[in-house]
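This report goes through one protein model, from its overall fold to single residues. Please keep the sequence and the structure in view while reading.

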Amino acid sequence: MIQILWYIYAAFLATSSIAYLIHGGYKNKIFLIDLVVSAITWTGLFGFITHREIFTPFVWQIVFFGALIWDILFYFFLRNKVMETEVEGEDMRMMNIFTTVFMVILLGPLYYALFQYAF
C-alpha cells in the first residue's frame, strides 16, 4: 500500500510540473533551472520507489543537499523577485507563509525519500 502511495505522489509531482510547463509557467531562466533541479530529484525519487540503484549514494547526497539549498533559495528569495506581482505588505507576508507551509507539505516527502535513498 505504501508503495502505491509513493507512486501516486511521484505522479502528482510530475503532472503538476507538466501542467505548469504547458500553461507557460517556465518563462524565466530561474524557473527553468528549478525545473531541471526538480527533474533530477524526481530521478532519485524514482530510484527510491523502485529500489533501483541509479548512480551512487554519494551522488544522491550531493543532489539532496544541493536541491534542498536550491529550493530554499528559490522559494524564499528568488521566486518573489522574479514573479511579476504587485502584492505588498501584509498580503506578501501571508503569501510567503502560505508558500512555506505548502512547500513543506508538498516537498517534505520528496526530501525524505531522497535522504533515505542517499544515506
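## Overall fold

Among the contacts in the protein with a separation of 6 or more, 76% are between residues 24 or more positions apart. The model is a predicted one. Its secondary structure consists of four helices and zero strands, and from the N terminus the order of elements is α-α-α-α.

The protein has 119 residues, of which 32% count as buried. Its accessible surface is about 8000 Å², and carbon and sulfur atoms account for 73% of that area.

## The nonpolar core

In soluble globular proteins, nonpolar side chains tend to be buried together. Here the largest nonpolar core contains 24 residues. Trp6, Leu45, Trp60 and Leu110 have the most contacts inside this core. The elements that each give two or more residues to the core are H1, H2, H3 and H4. The largest share comes from H4, which gives nine residues.

## Helix H1

Helix H1 has 21 residues. From its first C-alpha to its last, H1 reaches 30 Å, close to the 30 Å expected at 1.5 Å a residue.

After H1 comes Gly24, which has a positive phi near 80 degrees.

## Helix H2 and Asp34

Helix H2 covers residues 29-50. Its 22 residues should span 32 Å at 1.5 Å a residue, and its end C-alpha atoms are 32 Å apart, so the two values agree. The buried residues of H2 include Phe31, Val37, Leu45, Phe48 and Ile49, and also Asp34, Ser38 and Thr41.

Leaving out residues up to four places away in sequence, Asp34 touches Trp70, Asp71 and Phe74.

Most residues other than glycine have a negative phi. Although His51 is not a glycine, its phi is positive, at about 60 degrees. His51 is exposed, with a relative accessible area of 66%.

Phe55 is found in the loop between H2 and H3 too. Its phi is positive, at about 65 degrees, although Phe55 is not a glycine. With a relative accessible area of 55%, Phe55 is exposed.

## Aromatic pairs

A pair of aromatic rings is described by the distance of the centres and the angle of the planes. The model has 14 aromatic pairs. One of them is formed by Trp6 and Tyr112, with 6.3 Å from centre to centre and 10 degrees between the planes. This pair counts as stacked, because its planes are under 30 degrees apart. The pair links distant parts of the chain: Trp6 is in helix H1 (residues 2-22) and Tyr112 is in helix H4 (residues 89-118), 106 residues apart. Trp6 is buried, with a relative accessible area of 14%, whereas Tyr112 is partly exposed at 46%.

Trp60 and Tyr117 form another aromatic pair, which is tilted, with 5.6 Å between the centres and 55 degrees between the planes. This pair also links distant parts of the chain, with Trp60 in helix H3 (residues 57-82) and Tyr117 in helix H4, 57 residues apart. Trp60 counts as buried at 2% relative accessibility, and Tyr117 is buried with a relative accessible area of 16%. Not counting residues up to four places away in sequence, Trp60 touches Tyr117 and other residues, including Ile40, Gly44, Phe55 and Leu114. Elsewhere, Phe64, Phe65, Tyr111, Phe115 and Phe119 form one aromatic cluster.

Technical notes:
Residues numbered from 1 in each chain as written. Predicted model: local features only at pLDDT ≥ 70, side-chain atom pairs only at ≥ 80, totals over all residues. Heavy atoms only, no water. Phe/Tyr/Trp six-rings, centres within 6.5 Å; stacked < 30°, edge-to-face > 60°. Buried < 20%, exposed > 50% of the residue type's maximum accessible area, 1.4 Å probe, protein only. Expected span 1.5 Å × (residues − 1). Contact = heavy atoms within 4.5 Å. Areas by Shrake-Rupley, 256 points an atom, 1.4 Å probe, with all protein chains shown as cover. Core = buried A, V, L, I, M, F, W, Y, C linked by side-chain atoms within 4.5 Å.
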